[in-house]
Amino acid sequence: MQTQMNCFLPYQNAAPIKETLDSLRSSALIHSIYLLTENQEEEEIDGCILLPVDSIHSTQTIKKIAAYADTPYTLIYTKTAALRMGMFALERMICLAQDSGAGMVYADHYQIIDGEKRNAPVIAYQKGSLRDDFNFGSVLVYRTEDIKKAVSDMSIEYQYAGLYDLRLKVSQQAELVHINEYLYTEAENDTRKSGEKIFDYVDPKNRQVQIEMEAACTGHLKQIGAYLKPEFKPVAFDQQDFEYEASVIIPVRNRIRTIADAIRSVLSQQTNFRFNLIVVDNYSTDGTTEAIDQFATDEWLVHVIPANQELGIGGCWNVGVHHPKCGKFAVQLDSDDVYSGEDTLQKIVDAFYEQNCAMVVGTYMLTDFDMHMIPPGIIDHTEWTPENGRNNALRINGLGAPRAFYTPLLREIKVPNTSYGEDYALGLYFSREYQIGRIYDVLYLCRRWDDNSDASLDVVKMNAHNIYKDRIRTWEVQARIAFNRK
């Protein structure tokens, strides 16, 4: 007899679910189909069992699924839109779940967007894949015994983080296995660009959701031995002498439209200390080099063209940080962006001393090219708290801007030679032992335009970025487990 599974589907109305039910019922593996409904007056459907729930994402719903799950495998569908399974797709998922011993399997798939069928590849799950928005697709096939074990360990009732808590707990018991085969087609109604989606987690209306996600992730880190208590190494700022108290570092390549604005915003800073600007010009070919040279008469400006021609943004940062003119604090400014006022640099340096921290992260405002505010506006990363920020940092995809570092430590650690995620890697590394200072005033105008690195990415590029950040998190989780063992 073939291994069977129960299916649990969110149910809002009969029209879109009919195609989904017809598709599922074409497989001999299906034992029972449960419709999760938040409306107890929803129309009953022949051959299906209605289960009243508060939300598919709640702990209460996950516990109800576990109670009704009485087959070896359990399918949870996370959308209400129509679903079409490929031929023998469920058989393939069960086969690979059995062969791999997976606690959960998920697959590449197709999406219908504006009537067009498109490839939607997803990525492999890692120990560091802790983002609550990790994209598994909408079809999740769990080994039922792992759901029941996970539920038995759920001591906190979540309204929003129940499904997230489930996959974290299952991942402690078994692998979450990616099947890189296109096994189904789902409808996708969120057609926003990648640069718009990445800020969902800092939207104020999602704050309660994020609080729950943080709690679930923190509990997971405690269980796997990667949680860090709010205990930090003190920073001594008088160990070396520097000619300058601070240096702003701008890595740049081919930003003729914005580099002059960035430079002017630095040179307009008013401080009670000496500072300079180090522009690392990575072999620009569009006139950027000449635009920088127009400011060469200013003694505060250091224009560097690195000898090494294989540098990303992180490599350019290393050139600037290790320059003999670099100050005690190295402060970030991207070549697209500008500081919001003349006191930004003073606020950043003051924060190092006031908060005794090795790194400072500020608050920024999203603007269009002409520096008019655009949604979601101010990005303040209030999820970073002194008590738990460095743990929660493993769950989110960014830490904020502008960023600044205590130069002796940054010279010791060094910046990954990449052009994406290098700042996030540094934040995780610094926060392992040192306090990260926070400034909640808007210090920075982050301009969103077509040439931004993440303004509008296709799925392949987005996946590459997410794989790298998941690797960064995996390395950091492993390092923190080892750190705690010491």
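Which residues do ring pairs link into a cluster? In this predicted model, ring pairs join Phe 237, Phe 329, Phe 352, Tyr 353 and Tyr 406 into a cluster. Residues are numbered from 1 along each chain as its sequence is written, and side-chain values use heavy atoms, with hydrogens and water left out. Because the model is predicted, local features need pLDDT of at least 70 and side-chain atom pairs count only at pLDDT 80 or more, whereas totals for chains, interfaces and linings use all residues.

**View 1. Aromatic pairs.** The structure holds 19 aromatic pairs, where rings of Phe, Tyr and Trp (its six-membered ring) pair if their centres lie within 6.5 Å, and planes under 30 degrees apart count as stacked, over 60 as edge-to-face and the rest as tilted. Tyr 125 and Phe 134 form an edge-to-face pair, with 5.2 Å centre to centre and 75° between the planes. Both partners are buried, Tyr 125 with a relative accessible area of 13% and Phe 134 with one of 6% (buried means under 20% relative accessible area, exposed over 50%, partly exposed in between, with a 1.4 Å probe and protein chains only). Phe 329 and Tyr 406 form a tilted pair, at 5.9 Å centre to centre and 45° between the planes. Phe 329 belongs to strand β13 (residues 329-332) and Tyr 406 to strand β17 (residues 403-406), so the pair ties together parts that are 77 residues apart in sequence; helices (H or I, at least four residues) and strands (E, at least two) are DSSP runs, numbered from the N terminus. Phe 329 is buried at 0% relative accessible area, and Tyr 406 counts as buried at 4%.

**View 2. Nonpolar cores.** The largest nonpolar core has 111 residues, and those with the most contacts inside it are Leu 166, Val 248, Phe 352, Leu 410 and Phe 430; such a core is a set of buried Ala, Val, Leu, Ile, Met, Phe, Trp, Tyr and Cys residues joined through side-chain atoms within 4.5 Å. Helix α8 (residues 259-267) gives the most to this core, with six residues. Phe 352 touches, among others, Phe 237, Cys 357, Met 359 and Phe 405, not counting residues up to four places away in sequence (contact means heavy atoms within 4.5 Å). A second, separate core of 33 residues includes Tyr 73, Ala 97, Val 141 and Tyr 184.

View 3. Eight of the 10 residues of helix α14 (residues 422-431) are buried, so the helix is largely enclosed by the rest of the structure. Among the buried residues of α14 are Tyr 424, Leu 428 and Phe 430. The charged end of Lys 469 sits over the ring of Tyr 424, 5.1 Å from its centre, the criterion being NZ of Lys or CZ of Arg within 6 Å of the ring centre and within 35 degrees of the ring normal. Elsewhere, Lys 222 lies over the face of Tyr 227, at 4.8 Å from the ring centre.

View 4. Pro 230 lies in the loop between α7 (207-224) and β10 (246-252), and counts as partly exposed at 44% relative accessibility. Pro 230 and Gly 389 are 159 residues apart in sequence, yet 8.9 Å apart in space, C-alpha to C-alpha. Leaving out residues up to four places away in sequence, Pro 230 touches Pro 386, Glu 387 and Arg 390.
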